[in-house]
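Thanks for coming. I will go through one model today, from the whole chain down to single residues. Please have the display in view.

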Amino acid sequence: RRFPGGGINLFSLSASLVLLLFSASTLYAQKIEVIPFAGYQTSARIPSVKGDFRVNDGMNYGVSLDLGSGDAGYKIFASYSRQGSLLEIDTAGISGTVCDLAVHYISFGAQLEFFQGDMIVPFSKLGLGTTIYQPLDSDIASERVMHFNIAGGAKLYLNDHIGFRFQAGLLLPIFFEGYYFEEGAPEPGEGMKTKVAGVQGDFTTGLIVRF
């Protein structure tokens, strides 16, 4: 079995983007930040033909790698996070537990930081990647979909090498619903149906180690 059905594997697209970002960066002036983090992710609802799946809220943890180019404030990032959760389903108003669930987010993207050199550095970021819903102790297969994410926050530097990051973000998974073909005026067409579902809020605090 698959959860919750109809996923599409677009991880190769995410990998291609991060390679493009790395090649476009001025790596000779790079600054690297390693940021282990922990926090909280909100619950999410994923509609399906079987009913509404619910991913419960819970704590998450992970690590981010930020790679900067000089003092301009432009950076690229790669991050991984894991949330321990519980998967439930609501069918015709009747709720039931499906299984324990781990939700993995692997993301790549671009980040813009303001007031470089100050003690407090606000930032905004935009990324994409893959989301993996992994049922635990169950015969249900994992599901992998593409996602987009947006986030913002601030970094508090204690010195040139140590600081803290405070971040709030929005995670937007995209589910594949199949192909379609239409006839009629003005012209027939075909395409692919997708939907954004399972949206989660993400709130984390991290420790910055800068090299």
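Accessible areas here come from the Shrake-Rupley method with a 1.4 Å probe, and for residues only the protein chains shown count as cover. On that basis the protein chain exposes about 11,000 Å², and carbon and sulfur atoms supply 62% of it.

Before going on, the terms of the model. This is a predicted model, in which local features need pLDDT of at least 70 and side-chain atom pairs count only at pLDDT 80 or more, while totals for chains, interfaces and linings use all residues. Residues are numbered from 1 along each chain as its sequence is written, and side-chain values use heavy atoms, with hydrogens and water left out.

Now the overall picture. Helices (H or I, at least four residues) and strands (E, at least two) are DSSP runs numbered from the N terminus. The order from the N terminus is α-β-β-β-β-β-β-β-β-β-β-β. Buried means under 20% relative accessible area, exposed over 50%, and partly exposed in between, with a 1.4 Å probe and protein chains only. The chain has 211 residues, and 39% of them count as buried. A contact means heavy atoms within 4.5 Å. Of the contacts in the chain with a separation of 6 or more, 65% are accounted for by residues 24 or more positions apart.

Next, the strand pairing. Two strands pair if DSSP finds at least two bridges between them. How many bridges join S5 to S6? There are 18 between strand S5, residues 74-91, and strand S6, residues 94-113, and the two run antiparallel. One example is Ser85, whose bridge partner in S6 is Leu101. The hairpin of S5 and S6 has two residues between the strands, and Ala92 there takes a positive phi near 55°.

S6 also pairs with strand S7, residues 120-136, again in the antiparallel sense, over 14 bridges. Here His104 has Ile132 as its bridge partner in S7. The hairpin of S6 and S7 has six residues between the strands. Phe115 sits in that loop between S6 and S7, and its phi is near 60°, a positive value in a residue other than glycine. As background, most residues other than glycine have a negative phi. Is Phe115 buried or exposed? Phe115 is exposed, with a relative accessible area of 56%.

Ser81 lies in strand S5 and is buried, at a relative accessible area of 8%. Not counting residues up to four places away in sequence, Ser81 touches Phe37, Gln41, Asn60, Tyr61, Gly62, Val103, His104 and Tyr105. So His104, the residue bridged to Ile132, is among the residues that Ser81, buried at 8%, touches.

Asp52, in strand S3 (residues 51-55), is partly exposed, with a relative accessible area of 30%. Leaving aside neighbours within four places, Asp52 is in contact with Arg45, Ile46, Pro47, Glu88, Ile89 and Asp90.

Ile208 belongs to strand S11 and is buried, with a relative accessible area of 0%. With neighbours within four places left aside, its contacts include Glu33, Val34, Ile35, Tyr157 and Phe164.

Last, the empty space. Rolling a probe the size of a water molecule over the atoms shows where such space is left. The search uses a 1 Å grid over the protein atoms alone: a cavity is a set of points where a 1.4 Å probe fits but cannot get out, a pocket is an open set with protein on both sides within 12 Å along at least five of seven lines, and lining residues have an atom within 4 Å of a point. Grid points are joined across faces, edges and corners, and a volume is the space filled by probe spheres set on the points.

The whole structure has two cavities of 30 Å³ or more. The largest cavity holds about 210 Å³. It is lined by 21 residues, and the closest to its centre are Ser79, Ser107, Gln167, Leu171 and Asp202. S9 gives the largest share of that lining, five residues.

The largest pocket has a volume of about 180 Å³. Twelve residues line this pocket, and Gly117, Asp118, Tyr157, Asp160 and Arg210 lie nearest its centre.
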